[in-house]
Amino acid sequence: MAEEKRQTVRDLRRANRAALLRQLYFNGPLSRHELGRATGLSSGTVSNVTAALLADGLLREAGSVDSDGGRPRTLLRVRPESGLLIGVDVGETGVRVALFDLSLAELARAESPLTDGGREVPPVVRHIAAGIADVLGAAGAGRDRLLGVGLGVPGIVERAAPRGAVVHAQTVGWDAVPLEELLREAVDLPRAVPFLVANGARTFGQAELWFGAGRGARNAVIALIGSGVGACIVTDGVPYGGAGSAAGEWGHTTLRVGGRRCRCGARGCLEAYVGASALLERWAEAGGPEAVGDQEAALAALLAAARAADERAAGLLAETAEYLGAGIANLVNLFNPERIVLGGWAGLSLGPRLLPAVREAAGAYALRHPAGRASIRLGRLGTEAVTVGAATLPLAAFLDAGGRAGG
C-alpha cells in the first residue's frame with residue numbers, strides 16, 4: 001500500500017510538471033498567476049513546481065507584467081537551449097537530418113539524396129547515422145542535452161518488443177525492417193537516448209497541428225502529397241493511429257476500380273492518380289517528357305507547361321484536381337473534419353494552381369452538410385514539415401514526462 005501511495009504521489013508530481021511545462025511551451029511566457037488559471041492548479045503547487053523547473057534549468061524569467069494593484073508579476077518561459085532534438089525525414093528521394101533546440105529552431109542540417117537503388121535499407125541507415133553525427137558535430141552540441149531522435153518514414157510502423165520500431169513500407173520494398181534496432185547498432189548514442197519512429201505523414205501532421213495550418217483544429221485531416229500520398233487523421237486534437245498505427249494510408253484507398261496500377265501492387269489507388277510519381281508518369285504517357293532523376297524539377301516543368309497554355313499539361317492538371325477533390329470528399333464523408341490541410345513538396349507545388357478546382361470537386365463529390373463545414377487549405381510549414389514533425393516525437397515525450405529526459 002505504501003508503495004502504491006508513493007507511486008501515486010510521483011505520478012501526480014509528474015502530471016503537474018507536465019501540465020505547467022506544456023502551458024509554458026505552447027502559450028508562454030506566462031506568469032504564475034496565469035499558469036494557475038490555465039491549469040487549475042493551486043498557487044502553492046504552481047509555485048513549487050515552477051521553482052523545481054527553474055532549478056532544473058528548464059525555465060527562465062522573461063520580464064514582468066503589472067498586476068491589479070500589487071507588485072509586478074514575473075513571466076516565465078521555457079529555455080530553448082535546455083535540450084536538443086533531432087528530426088529525421090526518410091523521404092523517397094532523400095534523407096534529411098536536422099538538429100533543433102527546444103523551440104524547434106534549426107541549428108544544423110545534413111541532407112543525402114537517394115539515387116536509384118538508394119532505398120535499400122543499409123544505405124538509408126548509413127545516411128541517417130552519418131547525418132546524426134554531422135549535425136551534432138556541426139553544432140558543437142553536447143550529447144548530454146540530446147533528448148531524443150524522431151524519424152518520419154514511409155509505410156506502417158509497428159512496435160515489436162524487443163526490437164523496437166519495425167517498418168512495413170510496401171511501396172519502397174521494406175518488409176518488416178527492424179529500423180530502430182539497426183539504428184541502435186549504427187549510431188553512436190547513449191542507450192538512454194530514445195529513437196521514436198512514425199509514419200512521415202503522421203509526423204508532418206503533428207507539425208502542422210502544433211505550429212501550422214492545423215493549429216486550433218480538433219478534428220482534421222492533414223494530407224502529405226509527395227512522390228506518394230498519405231494523411232494524418234486528427235480526432236479530438238490527437239493524431240489517430242488505429243489498431244496497429246496503420247491509419248492514414250489514404251493514398252491506398254481505391255479511387256477507381258480496375259484503374260491504374262499503383263506502386264503498392266493494387267489497382268485504382270488514389271496515389272496512382274495524384275502522387276507525384278504517378279502524375280509524372282501520366283504526363284509522359286500524354287506526350288510530355290519522361291521524368292528522369294529530379295521529380296521536383298520535373299513537376300515544376302509540368303506546371304510551367306500548363307502556364308504556357310500547353311493543353312495536354314493543363315488538361316492533366318485539371319483531371320488531377322478532380323481526382324484529388326474526389327479523394328478529399330471521401331475524407332469529408334468518412335471523418336467529418338473541420339479542416340483539411342494539404343502539404344508535402346508536391347502538394348505545395350500543385351496547390352496554388354489546383355486548390356480552387358480541388359475545392360470545387362470536393363464539394364461536388366461530398367455530402368453537402370459536412371462539406372459545407374470543412375475548409376481546405378495549404379500547409380504553412382513548407383517542405384521541411386516532416387523533419388520538424390519528427391522532432392516533435394521526442395519533444396512530446398519530454399513534455400509528457402514533465403521535462404524528464406528519456407520520458
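**Notes on helices, loops and single residues in a predicted model**

1. Gly137 sits in helix α4, which covers residues 121-138. Helices here are DSSP runs of H or I with at least four residues, strands are runs of E with at least two, and both are numbered from the N terminus. Gly137 counts as exposed because its relative accessibility is 54%; exposed means over 50% relative accessible area, buried means under 20%, and partly exposed lies in between, using a 1.4 Å probe and protein chains only. The C-alpha atom of Gly137 is 9.0 Å from that of Ala108, although the two residues are 29 apart along the chain.

2. A word on the source: this is a predicted model, in which local features need pLDDT of at least 70 and side-chain atom pairs count only at pLDDT 80 or more, while totals for chains, interfaces and linings use all residues. Residues are numbered from 1 along each chain as its sequence is written, and side-chain values use heavy atoms, with hydrogens and water left out.

3. The 18 residues of α4 should span 26 Å at 1.5 Å a residue, and its end C-alpha atoms are 26 Å apart, so the two agree. The expected span is 1.5 Å times one less than the number of residues. The buried residues of α4 include Val121, Pro123, Val124, Val125, Ile128 and Ala129. Also buried in α4 are Gly131, Ile132, Val135 and Leu136. Just after the helix, Gly140 has a positive phi of about 60°.

4. Next, helix packing. Two packed helices are described by the angle between their axes and the distance between the axes. Helix α8 (residues 276-285) packs against helix α10 (residues 311-335) at an angle of about 145°, and their axes are 10 Å apart. Axes are lines fitted to C-alpha atoms, for helices over the stretch in contact, and angles run from 0 to 180 degrees between N-to-C directions. The crossing of α8 and α10 is right-handed; in a right-handed crossing the near helix is turned clockwise from the far one by less than a right angle, and in a left-handed one anticlockwise.

5. From α8, the residues Leu279, Arg282 and Trp283 meet α10. On the α10 side the partners are Arg312, Ala313, Leu316, Leu317, Glu319, Thr320 and Tyr323. Contact means heavy atoms within 4.5 Å. By class, the contact of α8 with α10 has six nonpolar residues, one polar and three charged. Ala, Val, Leu, Ile, Met, Phe, Trp, Tyr, Cys and Pro count as nonpolar, Asp, Glu, Lys and Arg as charged, and the others, Gly among them, as polar.

6. Helix α10 has 25 residues and reaches 36 Å from its first C-alpha to its last, close to the 36 Å expected at 1.5 Å a residue. Its N-terminal end is capped by Asp310, with a side-chain oxygen 2.9 Å from the backbone nitrogen of Arg312. Ala309 is in the loop between α9 (295-307) and α10. Its phi is near 70°, a positive value in a residue other than glycine, and Ala309 is exposed because its relative accessible area is 60%. After α10 comes Asn336, with a positive phi near 50°.

7. Arg32, Leu35 and Gly36 in α2 meet Val46, Thr50 and Leu54 in α3. The residues of this contact are three nonpolar, two polar and one charged.

8. Gly28 and Pro29 are joined by a cis peptide bond, with omega about 0°, and Pro29 lies in the loop between α1 (2-27) and β1 (30-31). Leu104 is in the loop between β5 (94-101) and β6 (106-113). Leu104 is not a glycine, yet its phi is positive, about 65°. Leu104 counts as buried because its relative accessibility is 12%.

9. Is Gln206 buried or exposed? Gln206, in helix α6 (residues 200-211), is buried, with a relative accessible area of 12%. Leaving out residues up to four places away in sequence, Gln206 touches Cys232, Pro239, Thr392, Leu393 and Ala396.

Key:
Polar contact = N/O pair within 3.5 Å; in protein donor to acceptor, adjacent residues only side chain to side chain.
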